[in-house]
Every structure is written in C-alpha cells, then in structure tokens.
Amino acid sequence: MGLIEEINAISDVIKADFPTQKVNKENVPEKPTKGEFCVRVQRLGSEADTSASYVLNREYQLIYFGLSNIDILTKIEALTYRFNNIIKIPVQGARYLTVESLSFSQPFKTADNLDAVMGVLVATTRKNKPTTDAPLIENVEIRTTADFAQWGRLDGSLTPDDASDDRTMSEIESFRMRELEDGKFFS
C-alpha cells in the first residue's frame, strides 16, 4: 500500500526532530492532547509524465497541537527547515517522495481551547507504467556480401566466385587497372 508507506515515511521525518512527540497517522483524535502531531492524506492526483511513467501528486495535512503559540512557532520552523532540506523522503520499497512545498496556517485555538496549527505538505512521486516483456532474440545471423558493382554485373556473372566466366580475381583486377591506365574511366 503506497499511501500508508508514505504516511509512515513522513511520520519518520517528524520523529527525527521530535522523537518524544506522538504522531497519529491518518487519525485526528476527538480529544487531542498537547504536544501531538497528526499526519493524514488531504488530496491525491495523478498525471502523465512520459509514455512509460506517471506522476502521483500528493497533499498531506500536518496538524500539531502545541503547548503554546511559541511552542507551535518553534515546531513549524523546525519542520519547515527539515522538509525543505531533505527534499527526497525515502519510502519503503525503493521509492521517494519529492517535497514540492510545505505551508502552515496561523496558530489557532481549538474548541477544546488547545493551541493548534495546520500545514499542507505537497509532494510528488513517479511510478512506471506496467509493461509487457518483449520476446528475447535467440539467434542473430550476419551475412556479408561484396559490392557487385566492383566485380561485374548484378546478376552475379563476372565475379571471382563465378566459375562460368573463367576469370580469376587477379585477372579482374588487372583488367580494371589496364582500363584505368588507358584513361578509359576519365572523360
């Protein structure tokens, strides 16, 4: 499942800076507590990239319930720095999420009077289209032929391999050389 692996990868990036903070994945609790993060899918899209691949456009919502507005500002500054410098987030399965942008709202108070902030992480990943295997080439034959214009007519007569014309290779070459010397080819 690609989305679950991507959410886990984003959570791992958050945990790198804040190892003691709880990170809820694809779940915002009804009664959140101070100091917890939530990561969930906000929007999915795709578009053609090349004839062999396509791009998956992802938007993830990051929510942080902070201890105070100051705590929120320090956390979003650290996350912005981390995501903008990491650029590629490794995802299980030898894939990467490319960070396109990260933006946060202004801190606000929830109905339970908690300080919170919401962010949107925009990322892309590329996937190859399925392809069919082409049959393997099992046998290759190479034929070489002489330039017939050099030896004689295109029907094969007057060639070194044609015994019917009673000429050898050296005779053909000397005949051509005499014609050259007599100026027959220069006009």
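Biologist: Leaving aside its neighbours within four places in sequence, which residues is T124 in contact with?

Modeller: Good place to start! Keep in mind that this is a predicted model. T124 touches V55, L56, N57, Y96, L97, T98 and E100, once the neighbours within four places in sequence are set aside. T124 itself belongs to strand β7.

Biologist: Is T124 buried or exposed?

Modeller: To read this, look at the relative accessible area, where buried means under 20%. T124 has a value of 9%, so it is buried. Its side chain also makes a polar contact with the side chain of E100, at 2.9 Å.

Biologist: T98 is in that contact list. Where is T98 placed?

Modeller: T98 sits in strand β5. With a relative accessible area of 16%, T98 is buried.

Biologist: And what does the side chain of T98 make a polar contact with?

Modeller: The partner is the side chain of K88, at 2.9 Å. Apart from residues within four places in sequence, T98 is in contact with I87, K88, V122, A123 and T124. You can find the T98 and T124 pair from either end: T98 is listed for T124, and T124 is listed for T98.

Biologist: Let me step back to the whole chain. How many helices and strands does the protein chain have?

Modeller: There are 4 helices and 7 strands. Following the sequence, they come in the pattern α-β-β-β-α-β-β-β-β-α-α.

Biologist: What share of the residues in the protein chain is buried?

Modeller: Of the 187 residues, 32% are buried. Another way to read a fold is to ask how far apart in sequence the touching residues are. Among contacts between residues at least 6 apart in sequence, 54% join residues at least 24 apart.

Biologist: Now the helices. At what angle do the axes of helix α1 and helix α2 cross?

Modeller: Picture each helix as a line. The axes of α1 (residues 2–17) and α2 (residues 69–86) come within 10 Å and cross at roughly 125°. The crossing of α1 past α2 is right-handed.

Biologist: Which residues of α1 and α2 meet?

Modeller: On the α1 side they are I10, V13, I14, A16 and D17, and on the α2 side A78, L79, R82, F83 and I86. Sorted by kind, the residues of this contact comprise 8 nonpolar, no polar and 2 charged.

Biologist: Y81 is also in helix α2. Is Y81 buried or exposed?

Modeller: Y81 is exposed, because its relative accessible area is 61%. Y81 and L102 are 21 residues apart along the chain, and their C-alpha atoms are separated by 9.8 Å.

Biologist: Can we try the loops next? Where is P107 found?

Modeller: P107 lies in the loop between β5 (95–104) and β6. Its relative accessible area is 27%, so P107 is partly exposed. P107 and V117 are 10 residues apart in sequence, with 4.6 Å between their C-alpha atoms. Not counting residues up to four places away in sequence, P107 touches N69, I72, L73, A116 and V117.

Biologist: How far apart are A111 and K31 in sequence and in space?

Modeller: They are 80 residues apart in sequence and 10.0 Å apart in space, C-alpha to C-alpha. A111 is in the loop between β6 and β7. A relative accessible area of 86% makes A111 exposed.

Key: Residues are numbered from 1 along each chain as its sequence is written. This is a predicted model: local features need pLDDT of at least 70, side-chain atom pairs count only at pLDDT 80 or more; totals for chains, interfaces and linings use all residues. Side-chain values use heavy atoms; hydrogens and water are left out. Axes are lines fitted to C-alpha atoms, for helices over the stretch in contact, and angles run from 0 to 180 degrees between N-to-C directions. Helices (H or I, at least four residues) and strands (E, at least two) are DSSP runs, numbered from the N terminus. A crossing is left-handed if the near helix is turned anticlockwise from the far one by less than a right angle, and right-handed if clockwise. Contact means heavy atoms within 4.5 Å. Ala, Val, Leu, Ile, Met, Phe, Trp, Tyr, Cys and Pro count as nonpolar, Asp, Glu, Lys and Arg as charged, and the others, Gly among them, as polar. Buried means under 20% relative accessible area, exposed over 50%, partly exposed in between (1.4 Å probe, protein chains only). A polar contact is a pair of N or O atoms within 3.5 Å; within protein, one must be able to donate a hydrogen and the other to accept it, and residues adjacent in sequence count only if both atoms are side-chain atoms.
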